[in-house]
Number of protein chains: 2
Amino acid sequence: MSPEDGNKGFGTGRTASQETEEPGFQPVQARSLTEEVARQLHEAIVVGRLKLGQRISESVLSREMGISRGPIREAERQLAQQGLLVFSPRRGFFVRDLTADQINDVFRVRIVLERFAVEEAARTASDADLARLADWRAMMCRRQQSLSPAEFVEHDLALHRLIVDLAGSDTLRPLFENVINQVRLGLSLINLRFGRADRIAQGHDDIVSALLARDGARAAAAMEAHLVRSRDLLLERLKADAQDQDRLPPARKDQET
Amino acid sequence: MSPEDGNKGFGTGRTASQETEEPGFQPVQARSLTEEVARQLHEAIVVGRLKLGQRISESVLSREMGISRGPIREAERQLAQQGLLVFSPRRGFFVRDLTADQINDVFRVRIVLERFAVEEAARTASDADLARLADWRAMMCRRQQSLSPAEFVEHDLALHRLIVDLAGSDTLRPLFENVINQVRLGLSLINLRFGRADRIAQGHDDIVSALLARDGARAAAAMEAHLVRSRDLLLERLKADAQDQDRLPPARKDQET
DNA sequence: CAGATGTAAACTGTCAACAGTTGATAGGCT
DNA sequence: AGCCTATCAACTGTTGACAGTTTACATCTG
């Protein structure tokens with residue numbers, strides 16, 4: 001109906017509009033330059049290749065990527081709306097910087113959203129979807145030993161996104177993505193490493209088991225506890241890293257990309 | 001009331017950079033064309049001058065407004081991120097269309113966000129800000145008789161925005177604006193008129209008085225009840241209007257702007 | 001007459017260039 | 001030397017134009 005079909009069903013994998021046709025033709029997708037630029041910028045930011053507060057110059061980017069400034073402008077504006085960049089008129093875009101207070105604030109809202117998500121999921125998700133969620137979690141648990149810290153973070157976020165999808169609310173999804181982007185900004189602020197990460201992972205099992213029992217209240221409580229732990233771990237490491245870097249001369253200026 | 005005039009001084013902080021200078025010079029604001037276009041489009045949509053589902057053509061708009069297509073592209077993309085437009089690749093932007101189910105979904109999320117907002121406001125807002133909120137509500141109540149339905153809606157939304165500001169969360173604010181935009185879309189779907197609107201207004205007093213008492217739980221309950229009433233009234237009128245329009249031939253096509 | 005096919009207009013995606021502004025650097029004055 | 005001022009380079013805001021795609025209409029064929 002509407003020009004943009006929300007990807008319904010299960011996971012984040014937007015399996016798209018590929019109707020079942022006999023010979024497996026891929027629906028040839030001509031991604032626009034804007035999308036490609038947005039994708040690359042998004043990755044560069046959440047991976048931490050772009051430092052927080054760093055300026056993202058249109059002209060520099062256009063020269064580096066070999067395209068004109070139009071698509072880059074649009075991509076930057078898109079990321080700004082997603083909360084990854086901030087815009088300063090006539091000066092350009094900068095990677096958003098986060099203080100510890102702001103990270104705290106982000107998590108307050110995140111807790112609200114994800115409590116709602118698990119409650120809805122416990123109420124309305126299909127048995128099949130819940131079972132798939134449990135399978136996915138089990139698989140992730142088995143692989144846990146062989147994951148790098150960055151991969152562990154990705155799996156963690158994927159699980160949360162899965163739960164939000166199960167809530168089945170097209171309104172919630174974009175809000176969650178926005179908040180998650182801020183969380184990733186915060187994560188890119190620290191040096192990822194393991195430590196008490198297994199306690200974080202343990203929280204997932206509590207959430208999933210409550211979901212399987214369709215106990216919304218317990219799932220919400222488990223979710224909140226899990227997020228509080230994640231937040232505290234993040235803030236704690238942020239403080240530790242900040243102390244480490246106090247020795248280095250804090251020369252941060254408008255660096256080129 | 002423009003959607004984006006940071007109502008200063010109230011709760012939010014962000015008192016802007018206008019230092020106290022003697023002669024009252026306005027900080028001459030060179031609004032970019034993009035912002036101006038976005039503002040006009042925003043208003044045209046929430047006022048209902050643009051029908052839901054209608055196509056917004058770049059070229060037509062650029063001819064009408066006498067500017068080139070660049071700023072219009074950017075403004076459209078911005079509104080798309082805000083949830084007012086949807087984008088169909090190589091076809092353009094369309095005013096987002098809402099079904100009754102989607103309106104229901106929007107209100108589910110809105111309730112979650114605003115419950116959080118009043119709880120935070122009850123906990124952290126300053127006494128002065130709460131007093132100002134009460135004053136504002138009282139003034140609005142006195143004027144109530146002389147308001148048009150559209151003005152009443154604006155006042156209602158302004159009150160909710162005020163409360164969200166009082167929560168003091170920079171993370172919550174943009175999410176709320178996004179949700180509110182969807183609500184306005186829904187409102188533009190019906191013929192505004194009075195009826196049991198006074199019962200809606202009554203809900204505001206419950207919320208404000210609970211806030212003044214700093215009773216977060218009661219404020220949240222009042223907020224939820226208020227929003228549920230608003231939602232039900234909206235959905236009910238939507239159904240009634242739809243029946244009215246069933247007689248007219250439903251000729252809706254890609255109309256020019 | 002119904003369906004498929006070809007054609008043309010209109011539109012979006014992208015680009016290169018111009019104009020105005022910002023920030024920094026070099027120079028002059030006290 | 002220290003502060004202010006003028007100049008300049010780089011960047012953003014905006015424009016008009018070109019190329020490829022989509023959509024609608026007309027034409028052809030069974």
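Which exposed residues does the face of α8(A) turned away from its buried side carry? They are A:Asp198 and A:Arg199.

Some ground rules. This is a predicted model, in which local features need pLDDT of at least 70 and side-chain atom pairs count only at pLDDT 80 or more, while totals for chains, interfaces and linings use all residues. Residues are numbered from 1 along each chain as its sequence is written, and chains are lettered from A and ligands numbered from 1 in the order in which they are written.

Back to α8 of chain A, residues 197-212. Helices are DSSP runs of H or I with at least four residues, strands are E runs of at least two, and both are numbered from the N terminus. The end C-alpha atoms of α8(A) are 23 Å apart, which agrees with the 22 Å that its 16 residues should span at 1.5 Å a residue; the expected span is 1.5 Å times one less than the number of residues. A:His204, A:Ile207, A:Val208, A:Ala210 and A:Leu211 are buried in α8(A). Seen down the axis, the buried residues of α8(A) fall within an arc of 165°, so they line one face of the helix. That arc is taken from the directions from the helix axis to the C-beta atoms. After α8(A) comes A:Arg214, with a positive phi near 55°.

Next, α7 of chain A, residues 172-187. Here 12 of the 16 residues are buried, so α7(A) is largely enclosed by the rest of the structure. Among the buried ones are A:Phe176, A:Asn178 and A:Arg184.

Now the DNA. Near means that a residue's C-beta atom, placed from the backbone, lies within 6 Å of the strand. DNA strand D is surrounded by 20 residues, the closest being A:Glu58, A:Gly92, B:Leu33, B:Ser68 and B:Gly70. For DNA strand C there are 19, with A:Leu33, A:Ile67, A:Ser68, B:Glu58 and B:Gly92 the closest.

Last, the two chains. Their contact takes 25 residues from chain A and 28 from chain B, counting C-beta atoms, placed from the backbone, within 7 Å. On the chain B side, α4(B) gives the largest share, seven residues.

Conventions. Buried ≥ 20, exposed ≤ 12 C-beta atoms within 10 Å, placed from the backbone. Contact = placed C-beta atoms within 7 Å.
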